[in-house]
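Open the model in your viewer and follow the stops below in order. Each stop says what to select and what is there.

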Amino acid sequence: MNEKTVTLLIDVNAVCVFVNDQINRTVIQKLAERGVKIIALRCAGFNHVELAAAKEFNIKVVHVPAYSPHAVAEHAIAMMMTLNRKTHKAYNRVRDQNFSLNGLLGFDLHGKTVGVIGTGNIGQVFCQIMTGFGCKILAYDVHPNEALTAVGIRYVPLAEIFTQADIISLHCPLNESTRYLINDESVQQMKKGVMLINTSRGALIDTRTVIHALKSGVIGLLGIDVYEQEEKLFFRDLSEKIIKDDMISRLSSFPNVLITAHQGFFTQEALTQIALTTLATLKSYEQGDVLQNEVKL
Ligand code: NAI
């Protein structure tokens, strides 16, 4: 949904939207004019909704806080494994009867230091899986999770993650304190050749800085399931179109960058849970019950 498509709505009380819909003040005002009383997000993140405007126009906002943390955590690990062992390249190579191993050299995950930023639902599962690989986990969160400390995961200042980690995975929400968390200053502290994985939100990373860091070799491997300007690209087939976004084109040109189009959530279990939670929340609203999953300013 955006400022154009919102005008197509007639006679509805609720709208159900996703991560790349632009729910800004103009859209919210138009929703209010059309009688919409509740916006149900089929996702956890709500950075794309102007909550102050929703409050002003007396529209409730609900989300799906947790559906399958495993889906996203496992996708982050799939990206990490692909980048490391280059299975995407091996797949194409072998189909072409090229059985050479040149360029496919990886490293053992066992014993590596993994920095996890954000240890909520997804970050926690991610930490547990990485522990199974025999990695040393360093975590950072504004609200440390005691369950993780109890199993030996160490919370450290952000700077220690940047300086010590061989792999950094981002699992925090996008908000004013996390926007461009990966910037010039943080990149300068990183180990040369670090692997960076972002399955959270594109704007956690300053893409221009990351492109420079890929060119200089500071970032050795990059896996992104999210991208700052993704709303103009992701979830569409643009294979016959000219891409005007030069940053995504530049990123796609690196041999050590893996991009997926926001598919971390895309498992059968997650979709089922999203549908069940959204329908249950809308039913509670209709019945006038307390809204469990309301997002408030
Ligand atoms: P959550 O709310 O359970 O956990 C987020 C954690 O980040 C919390 O522990 C919170 O304290 C922490 N946090 C907040 N501000 C922070 C800061 N400044 N520095 C460090 N940590 C901070 O959220 P959940 O379910 O784990 O999701 C994390 C993010 O993953 C979502 O916000 C969303 O952006 C993204 N996501 C991506 C999906 C995909 O398909 N790629 C699907 C679902 C979520």
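**The ligand and its shell**

Begin by selecting the ligand: 25 residues surround it, and the closest are Tyr-67, Asn-121, Ile-122, Asp-141 and Thr-199. The coordinates in view are those of a predicted model. Colour the shell by residue class, and it divides into 13 polar, nine nonpolar and three charged residues.

**Polar side chains at the ligand**

Next, show the side chain of Asp-141, one of the closest residues. An N or O atom in that side chain is 2.6 Å from an oxygen atom of the ligand. Then select Ser-177, where a polar side-chain atom lies 3.3 Å from a nitrogen atom of the ligand. How much of the ligand's accessible area does the protein cover? On its own the ligand has 860 Å² of accessible area, and the protein covers 85% of this.

**The largest pocket**

The ligand sits in the largest pocket, whose volume is about 1,100 Å³. To find the middle of this pocket, select Gly-45, His-171, Cys-172, Pro-173 and Leu-174, which lie nearest its centre among the 42 residues of the lining. Coloured by class, the lining of the largest pocket shows 20 nonpolar, 17 polar and five charged residues.

**The largest cavity**

Leave the ligand and move to the last stop. A search of the whole structure finds one cavity of 30 Å³ or more. The largest cavity has a volume of about 70 Å³. To see its lining, select Asn-198, Gly-202, Ile-205, Thr-207, Val-210, Leu-222, Ile-224, Val-226, Tyr-227, Glu-228 and Leu-251. By class, this lining has seven nonpolar residues, three polar and one charged.

Finish by showing helix H9 (207-216) and strand S9 (219-224), each of which supplies at least two residues of the lining of the largest cavity. In the lining list, Thr-207 and Val-210 fall in the range of helix H9, while Leu-222 and Ile-224 fall in that of strand S9.

Key. Residues are numbered from 1 along each chain as its sequence is written. This is a predicted model: local features need pLDDT of at least 70, side-chain atom pairs count only at pLDDT 80 or more; totals for chains, interfaces and linings use all residues. Side-chain values use heavy atoms; hydrogens and water are left out. A residue is near a molecule or strand if one of its heavy atoms lies within 4 Å of it. A polar contact is a pair of N or O atoms within 3.5 Å; within protein, one must be able to donate a hydrogen and the other to accept it, and residues adjacent in sequence count only if both atoms are side-chain atoms. Accessible areas come from the Shrake-Rupley method with a 1.4 Å probe; for residues, only the protein chains shown count as cover. On a 1 Å grid over the protein atoms alone, a cavity is a set of points where a 1.4 Å probe fits but cannot get out, and a pocket is an open set with protein on both sides within 12 Å along at least five of seven lines; lining residues have an atom within 4 Å of a point. A molecule sits in a cavity or pocket if more than half of its atoms lie within 2 Å of its grid points. Ala, Val, Leu, Ile, Met, Phe, Trp, Tyr, Cys and Pro count as nonpolar, Asp, Glu, Lys and Arg as charged, and the others, Gly among them, as polar. Grid points are joined across faces, edges and corners, and a volume is the space filled by probe spheres set on the points. Helices (H or I, at least four residues) and strands (E, at least two) are DSSP runs, numbered from the N terminus.
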